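Here is a short report on one protein chain. Keep the structure open beside the text and find each residue as it comes up.

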Amino acid sequence: MALSSGRTTTQNVFGYTDRFSARPGERLSFHISCEGPPAYDAALVRLRHGYDGQAGPGFLEAEVPSAIDGTYPGQYYACRPGSYVEVPDPKGLLANPDALVIRAAVFPTLPRDNRSGSLGAYRVSQSSVGFTGERQAVMGTWDAATMTGWALLLDDGKPSFVWSEGGQRRTLTLEQELTAHQWYRLEVELPSSAGQITLRQTPLDHCADRVAPAAAAAVPEQASATASAVWTASSMPFRIGALARADGDRLLAATAFNGKIGGVRVERATDDALKAREPVAAWHFGRSRRPDGLLLWDVLDEGPHMLHGRCVNAPVRGVTGPTFQGVVEDFRLAPDEFDAIHFHDDDLADAQWPAAFTFEVPEELPSGVYAVRLLAEGVEQHVPFLVGPGRRRKDVAVLFPTATYLAYANDRIAFEADGMEMLLGHTPIVHKEDLVLQDHPEFGRSLYEIHNDGSGVVFGSVRRPLISLQPRYRASFMSEGPWGLPADLSLVHWLETAECEFDALTDEDLDREGHDLLRDYRVVITGSHPEYVTRRELDALEEFTANGGRLMYLGGNGFFATVSYDPDAPHLMELRRADGGTRPHQSPFAERRHTTSGEASGLWRNKGKAPQRLVGVGMAAQGFDRCTYYERLADSQDPRAAFVFEGVGENEVLGDFGIIGGGAAGAEIDCWNPALGSPPGTLVLATSGPFSDNYLLVTEEIFEMLPGMGGTEQPAVRSDMVYCALEGGGGFFSVGSIAWTGSLSHNGYDNNIAKITGNVLRRFRDEKPLE
């Protein structure tokens with residue numbers, strides 16, 4: 001299979017797993033693609049430290065002999081983005097358009113391909129499906145290879161109907177191009193054989209009767225053509241939002257639609273005048289067969305033949321349709337107003353590469369962070385995964401923020417976001433993996449980006465190559481140092497040097513099992529950036545600390561915003577953005593509720609569960625130029641906190657060093673705020689030194705745009721270190737800084753940040769109740 005981009009083929013090997021973690025006795029599948037190399041070597045390694053700069057211990061991994069070690073033949077597999085609904089049609093009711101009357105409402109968001117994005121280089125070419133120009137499929141069964149079937153399309157933004165006659169393609173196209181972000185009704189009436197085909201479009205503007213210009217524009221357009229031959233059925237499946245194209249033994253998505261489609265109805269005329277009709281299918285995109293009403297993968301047909309469909313590549317559901325009244329924001333309460341699906345030509349939920357090999361996790365393999373290392377002709381890639389707890393639980397668990405990893409996965413914002421240099425305070429630092437991402441947009445976008453049509457990305461999937469999870473990866477927006485998984489490997493190596501065994505947990509684990517997962521642990525340590533969590537996770541952690549558990553929050557911008565996992569496909573995570581807080585984009589009103597859980601999107605502080613309630617501190621600011629240090633405050637002298645500073649001088653500057661921005665406080669920072677729920681009795685042990693004006697107070701704290709919000713002017717722009725003992729013997733220790741873990745390794749782990757962290761871990765592991 002040849003690359004479709006037309007670019008020079010480079011030597012590369014990529015891979016992914018079917019999920020982020022597995023426990024002893026469970027299996028993981030690995031899916032590998034080679035660009036160029038005829039073979040590759042695979043080996044299991046334990047990841048110990050990620051950052052490979054001069055400061056710190058460098059990149060460290062340990063080979064672990066396993067059954068998967070060996071040489072494998074290299075095969076190339078492509079990612080084929082584009083979402084659609086596929087409808088099984090065993091009786092061929094939709095295979096040809098014989099006497100059909102087809103209706104659909106469409107809301108095009110990119111009716112003509114005038115974007116400047118790079119994904120277009122990887123889209124299936126129109127010539128490969130028998131078309132030229134820019135076409136987007138509303139629905140159909142068209143088969144380009146045999147010139148059979150039919151399709152309702154947009155042709156350069158104009159409604160068009162395509163059919164076959166005598167082995168040749170025929171097309172009927174309207175003259176008026178549809179306007180982006182407006183609803184239209186499209187209707188096609190077809191004869192049983194030779195006869196007249198009618199295609200019409202009608203603007204659906206509920207204000208047209210009140211606004212004269214709109215009323216003038218809302219005039220139906222109609223065109224007709226004569227078909228002179230019997231219809232020829234297609235063997236291709238019926239799809240909504242794309243057409244099928246054969247590629248070996250796979251059917252790919254072609255001419256994918258950008259925008260919403262709803263109100264899809266198909267009838268069959270029973271007389272030549274097309275007056276008498278019988279229903280064939282009536283898909284309702286706002287209704288669900290599930291008792292909880294969630295809109296997941298199945299698409300309901302309310303017609304007599306029950307031609308239920310299935311979503312592919314996770315188009316966005318729970319979106320407003322043409323009858324939306326602007327009042328109800330929960331799709332479950334007014335399903336008729338949410339009879340729509342938003343399709344994108346760059347959606348990707350599963351690359352669907354075949355498994356190259358599977359790995360059954362041995363019972364004796366310790367919990368931790370691992371990877372399959374792939375080597376091919378000088379190219380190296382890692383496919384990271386976590387091994388969860390075995391039968392013998394440790395007393396310490398590390399909760400790896402895999403939801404945040406997935407939110408940032410394949411992030412290209414340093415290249416594509418407007419004003420990035422102003423936001424960062426420096427030119428983005430380009431890592432070699434960033435260049436790989438630029439050359440492989442078909443690997444899918446991060447949840448910080450927008451689709452080709454300008455709408456925000458809300459679904460992230462594990463089942464695709466995740467380049468930013470490479471253990472040496474450095475985020476382009478940091479002035480220096482690691483981010484995400486590589487930053488959390490700094491914590492992993494510190495625990496190794498402290499001879500502290502731990503169990504590795506993931507957000508998915510905690511969301512699935514709740515407090516039962518944490519019940520046997522005395523201490524839970526977070527990663528550096530647990531920004532995105534589910535409600536079930538927050539509830540579990542609250543129950544954990546309330547029942548004697550000790551939580552070490554060693555990060556910043558934690559427990560900040562809402563995510564959900566698809567209950568039928570937990571490799572898929574949903575993150576919609578509401579109209580509050582620091583955000584890269586936001587969903588429209590009434591499209592902010594997660595269809596995978598029913599949970600309202602947005603910041604947890606706006607839903608009564610501010611992070612201050614759980615860990616004493618919450619998001620205050622972000623900045624990416626330089627990090628700073630901490631200075632002790634009066635509460636650090638309180639006898640209850642004496643254990644925290646054992647071996648640390650009273651006037652010592654804390655953490656004026658580190659591989660993340662040069663200090664322990666920075667990047668994204670949190671502060672103590674009793675008004676948002678920091679518990680009574682919380683000791684504010686230390687606060688950060690000065691930040692630059694590149695650190696600005698978070699937008700959720702600002703009601704009007706005013707000067708004086710920078711780090712040199714605004715006292716709330718700070719990172720606070722806090723400790724609190726809770727009734728029941730539990731408690732929390734929080735540092736409120738993403739950069740903290742990057743300071744642990746300074747001077748061979750002999751420094752005050754490592755000492756403070758070790759003091760707290762030692763006391764928290766002690767079964768004696770906290771005072």
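Phe643 is buried: its relative accessible area is 11%, and the cut-off for buried is under 20%. This is a predicted model.

**Aromatic pairs**

Phe643 has a partner. Its ring and that of Tyr723 form an edge-to-face aromatic pair, 5.3 Å from centre to centre and with 85 degrees between the planes. Phe643 sits in the loop between β37 and β38, while Tyr723 belongs to strand β41 (residues 720-725), so the pair ties together parts that are 80 residues apart in sequence. Tyr723 is buried too, with a relative accessible area of 2%.

How many aromatic pairs are there by count? The count comes to 25 aromatic pairs. Another of them joins Tyr448 and Tyr532: the ring centres are 6.4 Å apart and the planes stand at 70 degrees, so this pair is edge-to-face. It links distant parts of the chain, 84 residues apart. Tyr448 is in the loop between α5 (432-439) and β28 (459-461), and Tyr532 is in strand β31 (residues 532-533). Tyr448 is buried at 13% relative accessibility. Tyr532 is buried at 0%.

The table sets the two pairs side by side.

| Pair | Centre to centre | Angle between planes |
|---|---|---|
| Phe643 and Tyr723 | 5.3 Å | 85 degrees |
| Tyr448 and Tyr532 | 6.4 Å | 70 degrees |

Rings can also join into a cluster. Ring pairs link Phe30, Tyr40, Tyr72, Phe357, Phe359, Tyr370 and Phe385 in this way.

Next, the sheets. Strands of a sheet pair through backbone hydrogen bonds, either parallel or antiparallel.

Strand β27 (residues 396-400) pairs with β29 in the parallel sense, over four bridges. Val398 stands opposite Ala504 in β29.

**A closer look at α6**

Helix α6 is mostly covered, with 11 of its 13 residues buried. Among them are Leu485, Leu489, His493 and Trp494. After the helix comes Glu499, whose phi is positive, near 55 degrees.

**The three-stranded sheet**

Another open sheet has three strands in the order β38-β36-β40, with antiparallel pairing. Its edge strands are β38 (665-672) and β40 (696-697), and each pairs on one side only. Two bridges join strand β36 (residues 617-628) to β40, and these strands run antiparallel. Here Ala621 stands opposite Leu697 in β40.

**Two loop residues**

Is Gly56 buried or partly exposed? Gly56 is partly exposed, with a relative accessible area of 36%. It lies in the loop between β4 (39-49) and β5 (60-63). Gly56 and Gly658 are 602 residues apart along the chain, yet their C-alpha atoms are separated by 8.4 Å. Leaving aside residues up to four places away in sequence, Gly56 touches Ile659 and Ser745.

His571 is in another loop, between β34 (564-565) and β35 (572-574). His571 is buried, with a relative accessible area of 10%. Leaving aside residues up to four places away in sequence, its contacts are Asp18, Ala349, Leu406, Gly460, Ser461, Val462 and Arg463.

**Cysteines**

A disulfide is a covalent bond between the sulfur atoms of two cysteines. The count here comes to zero disulfides. Cys34 is in none, and the nearest cysteine sulfur, that of Cys79, is 14 Å away. For Cys79, the closest cysteine sulfur is in Cys34, and 14 Å is too far for a bond. Cys34 is buried at 3% relative accessibility, and Cys79 is buried at 2%.

Key: Residues numbered from 1 in each chain as written. Predicted model: local features only at pLDDT ≥ 70, side-chain atom pairs only at ≥ 80, totals over all residues. Heavy atoms only, no water. Buried < 20%, exposed > 50% of the residue type's maximum accessible area, 1.4 Å probe, protein only. Pairing = 2+ DSSP bridges. Contact = heavy atoms within 4.5 Å. Disulfide = S-S within 2.5 Å. Phe/Tyr/Trp six-rings, centres within 6.5 Å; stacked < 30°, edge-to-face > 60°.
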